[in-house]
Amino acid sequence: MKRSHMILSAFLFNPQGDHRMSWRHPRGPGREVLDLEFFSNLMQAAERARMCAVFIADHVAIWDSVQSGVAHYANARLEPLTLMSALAAVTRHIGLIITTSTSYSEPYNVARMFASLDHISKGRASWNVVTSNYNEEARNFGRDGNIEHAFRYERATEFLDVVKALWDSPLCRTRRHIGPCSRRAVARRAMAS
C-alpha cells in the first residue's frame, strides 16, 4: 500500500534540546523554558508546519544519577498536563500527547485530568502511558527504590481498565463523546519499562 503523506510529530522532552549538554550552548534557551510564550511559539510553529502532534514526555524526578554530583543536565521543565492545557488555547488542530505514569498517579485523577484536557482541546488529547522505571522517581514518592517490574505492569493494566471505565462514566460524558484521540491513545498502550 502506497502512502500519500507522512505523519510527523514534535518531541519536547527537554525544552533546551535533547542532548544532555545542550543547555550549556550560548544560544540555547535559558529561563524562558519556564514561560508559556516560549512553548506557545513552538506549538504554533509546529502547527503551521502541519505536524500531527506535539509530544511532551515526562519524568517525575530530577536527574541525579551522575555520581560526580556535577550538574550535567538541566532538568527544568513545566508540568506537562498543565502546560498542554494552556497550549490547547493557542492551537486549533495539533494533537497533544503527554506522558503520565501509572506507578505514581491515581486512576481517578488521571481520568479527570485527561478528560478535562480532551474537552478543552476539542478532542486532541492523547496519553502516553508509562510505568516509570527510575529510582529517582520512586524516591520522590517516599520509596527507597522502584516498584518491581512485574507489579508495575500488573498495576498499569488495572489502572488502564479503571481509567477507561471512568471515561465511559458520567464523570467524563459532558459532550456526546470523548474525543477520538483519548480512546486511540489508550488503544495504543505505549507502556515504557
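Leaving aside neighbours within four places in sequence, Thr 91 is in contact with Met 43, Glu 47 and Arg 124, contact meaning heavy atoms within 4.5 Å. The structure is a predicted model, in which local features need pLDDT of at least 70 and side-chain atom pairs count only at pLDDT 80 or more, while totals for chains, interfaces and linings use all residues. Residues are numbered from 1 along each chain as its sequence is written, and side-chain values use heavy atoms, with hydrogens and water left out.

Thr 91 lies in the loop between helix H2 (80-88) and strand E3 (95-101). Helices (H or I, at least four residues) and strands (E, at least two) are DSSP runs, numbered from the N terminus. With a relative accessible area of 4%, Thr 91 is buried; buried means under 20% relative accessible area, exposed over 50% and partly exposed in between (1.4 Å probe, protein chains only). Its side chain makes a polar contact with the side chain of Arg 124 at 2.8 Å. The side chain of Thr 91 also reaches the backbone oxygen of Leu 87, at 3.0 Å. A polar contact is a pair of N or O atoms within 3.5 Å; within protein, one must be able to donate a hydrogen and the other to accept it, and residues adjacent in sequence count only if both atoms are side-chain atoms.

The chain contains 6 helices and 4 strands, following the pattern β-α-β-α-β-α-β-α-α-α along the sequence. Of its 193 residues, 42% count as buried. The largest nonpolar core has 30 residues, and those with the most contacts inside it are Val 54, Met 84, Leu 117 and Trp 127. Such a core is a set of buried Ala, Val, Leu, Ile, Met, Phe, Trp, Tyr and Cys residues joined through side-chain atoms within 4.5 Å. Helix H1 (36-48), strand E2 (53-56), H2, E3, helix H3 (107-120), strand E4 (125-130) and H5 each supply at least two residues of this core. Not counting residues up to four places away in sequence, Val 54 touches several residues, including Ala 10, Met 43, Met 84 and Ile 97.

The buried residues of H5 are Arg 152, Ala 156, Phe 159, Leu 160, Val 163, Leu 166 and Trp 167. Seen down the axis of H5, these residues fall within an arc of 125°, so they line one face of the helix; the arc is that of the directions from the helix axis to the C-beta atoms. The face turned away from the buried side of H5 carries the exposed residues Glu 154 and Glu 158. At the start of H5, a side-chain oxygen of Glu 148 reaches to within 3.1 Å of the backbone nitrogen of Ala 150.
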